[in-house]
Amino acid sequence: MNTLLLSICILCLVTTGLIFVLKKLKQPYLIAYIAAGILLGPYVLKVFTGIHEIEVIGEMGILLLMFFLGMEINIPNHHSLIVKPLVAQGIKILLSLGFAFLIGYFIGLDFRSTILIAILFTFNSTAVVSEFLKKHRTLHTAFGITLLNILIVQDLLLAPVLTLLKAWSGEQSDLRNLVLPVLFSMAVFLLFKKIRNVQEIRLPPLFRNIEDDHDLQVFTGLLICLGFGLLAELIGLSSALGSFIAGVMVGRLKLLNWLEHALIPFKVFFITLFFVSVGLRLDLEYIYEHYEIILLGTFFVLISNSLMSALVFRVLKYNWEESWYGGALLSQTGEFGILALSIAYKTEIIPYDLYKAGLCITCLSLLLSTVWISVCTKINSIN
């Protein structure tokens, strides 16, 4: 029997059943994907044991998600929509450092472990936030653009974070690893400034024959999305940022208008696999043995991140309703936090227990943040 085919069929069956339940409860489907990963993972039904393979495939979902966001988003013209995300993320970094040192002081963590906790507070999940912005139809508002730009600023921060972790591990970083991300970011800024008022980018006549060739469009679009992601990763930035830039440019190519509809099934499938991989990572045995610290840490992350982010939005002069909503959206620790934890553990910067606890708290924060956002939204609507 083809075991891979059987495993995929079981995954589809379980995910479909969970989606039907969540549809009745009016909850986001992201919970179904993570729950399916938990049920089918190595600690329950053991249908999937090779977490790494699904994780790699699932990362393509993040690239496609950012690609679509780039196609949909309008580059902000207003000065405040560019400055506000930079100010917001700057304030959040300072608050994250404050919270991290407070935690480190009370539980006796060393300096490097404390900084890693601050890094976890700094990054949020683009997948979770963007799905809720679309669901509540706020993606194209000034508030939604500010939120999305904050996440893009976080993507840009990945390069210095990875450089710091490599330095701590003893790996030498040459000047190229420091200069290339800066040059690439400057080139992206100049590109966005040039095309922000351009409705359509015109291609040479040679490329215009792909307009009616859907097969060619699909593979051209995937090549652009994944190619820009690979380029950004080679430079030292996040691959998600590269695909977002590709999406911004493709969104202004009318020749590829059909592409958005063609790639939606790919995006849904790969995003599902990404969140399934999050569920697969949850070590239920470790959570059971250390449930007090894991649950306490998860709720502390959700509440403190919400409060920090809400405070940031108030400083930016948003009203309390928008501030609490933005705080709830930025309550979780994101996928880049998982990456930072993995690198820190593999390079022996942090011990095993801190790695496992951080991983469980990060995964649970992703799972529970969807419920947390829904609860906070309902409380806001009542008030």
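Predicted model: local features only at pLDDT ≥ 70, side-chain atom pairs only at ≥ 80, totals over all residues.
The lining of the largest cavity is made up of five nonpolar residues, two polar residues and one charged residue. The lining residues are Ala88, Gln89, Lys92, Ile150, Ser309, Val312, Phe313 and Leu330. Two helices, α4 (79–107) and α13 (291–315), each contribute at least two residues to this lining. The space inside the largest cavity amounts to about 40 Å³, and a search of the whole structure finds one cavity of 30 Å³ or more.

The overall architecture is helical, in that the protein chain has 16 helices and zero strands. Of its 383 residues, 50% count as buried. Contacts between residues at least 6 apart in sequence were also examined, and 80% of these join residues at least 24 apart.

The arrangement of buried nonpolar residues was considered next. In soluble globular proteins, nonpolar side chains tend to be buried together. In the present model, the largest nonpolar core comprises 89 residues, of which Leu148, Phe244, Phe275, Ile294 and Leu329 touch the most other members. Helix α7 (residues 142–168) provides the largest share of this core, with 13 residues. A separate core of 21 residues lies apart from it and includes Leu11, Met71, Leu222 and Leu280.

A search of the whole structure finds one salt bridge. The partners are Lys356 and Asp283, whose closest N and O atoms are 3.0 Å apart. Lys356 belongs to helix α16 (residues 352–382), whereas Asp283 is located in the loop between α11 (259–281) and α12 (284–289), so the pair ties together parts that are 73 residues apart in sequence. Residues under 20% relative accessible area are classed as buried. Lys356 therefore counts as buried, at 8% relative accessibility. Asp283 is likewise buried, with a relative accessible area of 8%.

Note on methods: Residues numbered from 1 in each chain as written. Heavy atoms only, no water. Core = buried A, V, L, I, M, F, W, Y, C linked by side-chain atoms within 4.5 Å. Buried < 20%, exposed > 50% of the residue type's maximum accessible area, 1.4 Å probe, protein only. Helix = DSSP H or I, 4+ residues; strand = E, 2+ residues; numbered from the N terminus. 1 Å grid on protein atoms, 1.4 Å probe; cavity = no way out; pocket = protein on both sides within 12 Å on 5 of 7 lines; lining within 4 Å. Points joined across faces, edges and corners; volume = space filled by probe spheres on them. Nonpolar A, V, L, I, M, F, W, Y, C, P; charged D, E, K, R; others polar. Salt bridge = Lys/Arg side-chain N within 4 Å of Asp/Glu carboxyl O. Contact = heavy atoms within 4.5 Å.
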